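Work through these exercises with the model open beside you. Try each task before reading its solution.

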Amino acid sequence: MDMLLNDDQLAIAASARAFLDEHGSPSRLRSAIESAEGWDQDQWRAIAQDMGWLGVAAPARFGGSDLGLIELAILHEETGRTLTAAPLFPTLGLALPALMTAGCEARQAEFLPRLIDGEVRAAVCMTGAAGAALPTEVPVRITTDGDGWRLDGTAEFVLMGHAANLLIVVARTDGTTGWDGLSLLAMSADTRGVAIERLTSLDPTRPFSRVRFDQVRVNADSLLGAPGKAEKAIRRMLAVGTVMLAAEQLGGAERTLEMSTEYAKQRVQFGRVIGSFQAIKHKLADMMLAVESARSALYYAVRRLDIPDEMEEAAATAGACCSEAFLQCAGDAIQIHGGIGFTWEHDAHLYFKRARADAALLGGPAHHYAAIARLTGLEPGEDSRA
């Protein structure tokens, strides 16, 4: 963990790691992803009720711990180490900041206590068939319908959508472009006209879903904030989500480095442990450099999330660094493990698949680098601060 974490934060990290050592073993992970539900419901209940993780960044007036985003990042880092098969990231990394930024007091009072309890499991519908990052492609359209609203369209790549009972939906008003005309809505997953289809995807530990909205009618209370005015809340949600995803990626990269180091000390080739070979030493050193660089980028970003002028640039930096570190370490881990690293029985492929899937979420490294260029004035665009 980061050297600047205080004693309480280090204790949270130690407690989370101890819990996941007991409740997040590789065998339990495989049992969860092979089950009919595709996720670990018992682990989710323990996370909510025994550990209290779901309230770590929520206000005390709703039953939360009123800590902060650093503690939330710590938990995401630890769950990234074990590829936790539960809707923690979509619920806390995306839905929670959306509710906290856009939701009025009444909507927060309606959802947050149930979210903290573990009753609410959220998914965010915001991506179209092309997988483009917001605001390029918004697949769900919102139109007025009497004294309420109607939603139509199909959201793709909805993370853990099949496990969700609350949907946070990004919808666009016809005739608008860019960040203009975007609305945020919170609605039950069993609302009439909503159909959720679980998809077979690359990462079995955290699958995607397709969510169809066919003339879905909702009342005005479903809106989070003013209609067509959700830009600020959506950008905040994406910044926090990018950083929490980066924390997971850091945890995964760190774990693959540990796995590779342990294996290099045990595997014997040509009468020597392979860790004594220069090629393996260099690869492990490169992996460690990637992990520590990603750690610096992550905890720099966490501390900038509450500074509006720096939030998005810092998040993009962490998103790019941590994504690339996880990709590098997961790929190198398979190479270091050799033949066994390519087998279904070994866990290396699960980390590699999570790394590849995560690299496509929220825009991926290329999107983050483009955002940094715009935000720093290196490339003209609406976000330039030249």
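**Exercise 1: Two tryptophans and a second aromatic pair**

Trp39 and Trp44 are both buried. The model is a predicted one. Find how the rings of Trp39 and Trp44 are arranged, then look at Phe19 and Trp53.

*Solution.*
- Step 1. The rings of Trp39 and Trp44 sit 6.5 Å apart, centre to centre, with 80 degrees between the planes.
- Step 2. An angle over 60 degrees counts as edge-to-face, so the pair is classed that way.
- Step 3. Phe19 and Trp53 are also an edge-to-face pair, at 5.3 Å between centres and 70 degrees between planes.
- Step 4. Phe19 belongs to helix H1, while Trp53 lies in the loop between H3 and H4, 34 residues apart. Both Phe19 and Trp53 are buried.
- Step 5. In total, the structure holds three aromatic pairs.

**Exercise 2: The two sides of H1**

Check the length of helix H1 (residues 7-23), then sort its residues into buried and exposed.

*Solution.*
- Step 1. H1 has 17 residues, and at 1.5 Å a residue it should span 24 Å. Its end C-alpha atoms are 24 Å apart, which agrees.
- Step 2. Gln9, Ala13, Ala16, Phe19 and Leu20 of H1 are buried. They cover an arc of only 130 degrees around the axis, so they share the same side of H1.
- Step 3. An α-helix has 3.6 residues a turn, so residues three or four places apart point the same way.
- Step 4. Asp7, Asp8, Asp21 and Glu22 are exposed on the other side of H1.
- Step 5. Cover for the buried residues includes helix H3 (41-50) and helix H4 (69-82).
- Step 6. At the N-terminal end, Asn6 caps H1: a side-chain oxygen is 3.0 Å from the backbone nitrogen of Asp8.

**Exercise 3: The surroundings of Asp152**

Trace the polar contacts of the Asp152 side chain.

*Solution.*
- Step 1. Asp152 is placed in strand E3 (residues 148-159).
- Step 2. Its side chain makes a 2.7 Å polar contact with the side chain of Arg150.
- Step 3. A polar atom of the Asp152 side chain also lies 2.8 Å from the backbone nitrogen of Gln215.
- Step 4. Beyond four places in sequence, contacts of Asp152 include Pro139, Arg141, Phe213 and Asp214.

**Exercise 4: The cores**

Which residues touch the most other members of the largest nonpolar core?

*Solution.*
- Step 1. They are Met126, Ile168, Leu184, Ile234, Met237 and Leu298, in a core of 103 residues.
- Step 2. Helix H7 (residues 231-266) gives the largest share of this core, 17 residues.
- Step 3. A second, separate core has 21 residues, among them Ile142 and Trp149.

Notes:
Residues are numbered from 1 along each chain as its sequence is written. Side-chain values use heavy atoms; hydrogens and water are left out. A nonpolar core is a set of buried Ala, Val, Leu, Ile, Met, Phe, Trp, Tyr and Cys residues joined through side-chain atoms within 4.5 Å. Buried means under 20% relative accessible area, exposed over 50%, partly exposed in between (1.4 Å probe, protein chains only). Helices (H or I, at least four residues) and strands (E, at least two) are DSSP runs, numbered from the N terminus. Contact means heavy atoms within 4.5 Å. A polar contact is a pair of N or O atoms within 3.5 Å; within protein, one must be able to donate a hydrogen and the other to accept it, and residues adjacent in sequence count only if both atoms are side-chain atoms. The expected span of a helix is 1.5 Å times one less than its number of residues. The arc is that of the directions from the helix axis to the C-beta atoms. Rings of Phe, Tyr and Trp (its six-membered ring) pair if their centres lie within 6.5 Å; planes under 30 degrees apart count as stacked, over 60 as edge-to-face and the rest as tilted.
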